[in-house]
Amino acid sequence: MVNAGFFGGAGSAKAALAALVLLLVAGCHSLPKDPDSTLATIEAKRVVRVGVERPLPPEGADLLLQLEQATGAKARFSEGGIEPLLAKLDAGEIDLVVAPFGEQTPWAAKAALSPPLRVEDSGRKTIEWRAAMRSGENRWIMLVESRARRVSSAPDAS
């Protein structure tokens, strides 16, 4: 049998447990993490590098405005085809690609895609405007996703 006096009694046990909980919570202050520091770099450099294939719909422009306000950064655009832009995203040369994606895009396995910003029906194909981010940059992904939900005109995006 354990001698309760050795541990200082029930009050001390509660205090020790409270201290342990505080230590655990303090260690979580930077969760979720960005292994490549995308969000911290955007905030420090005050620039979010955005790839676009074509002019953005109003929801895309609203998303960028929301991100600028949240980070203190200004959007700087790179134009090009979707494949080269997504390759730049994967290489960390840009932070975000805002573009139209098909519903079953293979890029969903290679990049983190935001909820749809806008859905366009073009006959037999549905196109969803989304923001693509580097996989694993979870703080950045969470910020983009939350702002995408705010500006979305797509049904069930929130």
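Predicted model: local features only at pLDDT ≥ 70, side-chain atom pairs only at ≥ 80, totals over all residues.
Which residues of helix 2 are buried? They are Thr38, Leu39 and Ile42, where buried means under 20% relative accessible area, exposed over 50% and partly exposed in between (1.4 Å probe, protein chains only).

Residues are numbered from 1 along each chain as its sequence is written, and side-chain values use heavy atoms, with hydrogens and water left out.

**View 1. The whole chain, for orientation.** The protein chain holds five helices and six strands; these are DSSP runs numbered from the N terminus, with helices being H or I of at least four residues and strands E of at least two. Read from the N terminus, the elements go α-α-β-α-β-α-β-β-β-β-α. The chain has 158 residues, and 36% of them count as buried. Take the contacts (heavy atoms within 4.5 Å) with a separation of 6 or more: residues 24 or more positions apart account for 71% of them.

View 2. Helix 2 covers residues 38–45. Its buried residues are Thr38, Leu39 and Ile42. An α-helix has 3.6 residues a turn, so residues three or four places apart point the same way. Over on the other side of helix 2, Ala44 and Lys45 are exposed. As for partners, the buried residues pack against strand 1 (47–52), helix 3 (58–71) and helix 5 (138–151).

View 3. Thr38 sits in helix 2 and counts as buried because its relative accessibility is 8%. Leaving out residues up to four places away in sequence, Thr38 touches Asp95, Glu137 and Trp140. Ser37 belongs to the loop between helix 1 (9–26) and helix 2, and with a relative accessible area of 32% it is partly exposed. The phi of Ser37 is positive, near 60 degrees, in a residue other than glycine. After helix 2 comes Arg46, in the loop between helix 2 and strand 1. Arg46 also has a positive phi near 60 degrees, and it isn't a glycine either.

**View 4. Helix 2 crossing helix 5.** Two packed helices are described by the angle between their axes and the distance between the axes. Here the axes of helix 2 and helix 5 come within 6 Å and cross at roughly 75 degrees. Axes are lines fitted to C-alpha atoms, for helices over the stretch in contact, and angles run from 0 to 180 degrees between N-to-C directions. The two helices are therefore roughly perpendicular to each other; that label goes to angles of 65 to 115 degrees, while under 35 counts as roughly parallel, over 145 as roughly antiparallel and the rest as oblique. Helix 2 brings Thr38, Leu39 and Ile42 to the contact, and helix 5 brings Arg139, Trp140 and Leu143. By type, the residues of this contact are four nonpolar, one polar and one charged. For that tally, Ala, Val, Leu, Ile, Met, Phe, Trp, Tyr, Cys and Pro count as nonpolar, Asp, Glu, Lys and Arg as charged, and the others, Gly among them, as polar.

View 5. Helix 3 has 14 residues and reaches 20 Å from its first C-alpha to its last, close to the 20 Å expected at 1.5 Å a residue (the expected span is 1.5 Å times one less than the number of residues). Its buried residues include Leu63, Leu64 and Leu67, but also Glu59 and Glu68. Ala70 is in helix 3 too, and it counts as partly exposed at 32% relative accessibility. Setting aside neighbours within four places in sequence, Ala70 is in contact with Glu43, Leu143 and Arg147. Gly72 follows helix 3, with a positive phi near 75 degrees.

**View 6. Ser152, past the end of helix 5.** Ser152 lies in the segment after helix 5 and counts as buried at 19% relative accessibility. Ser152 and Arg118 are 34 residues apart in sequence, yet 6.1 Å apart in space, C-alpha to C-alpha.
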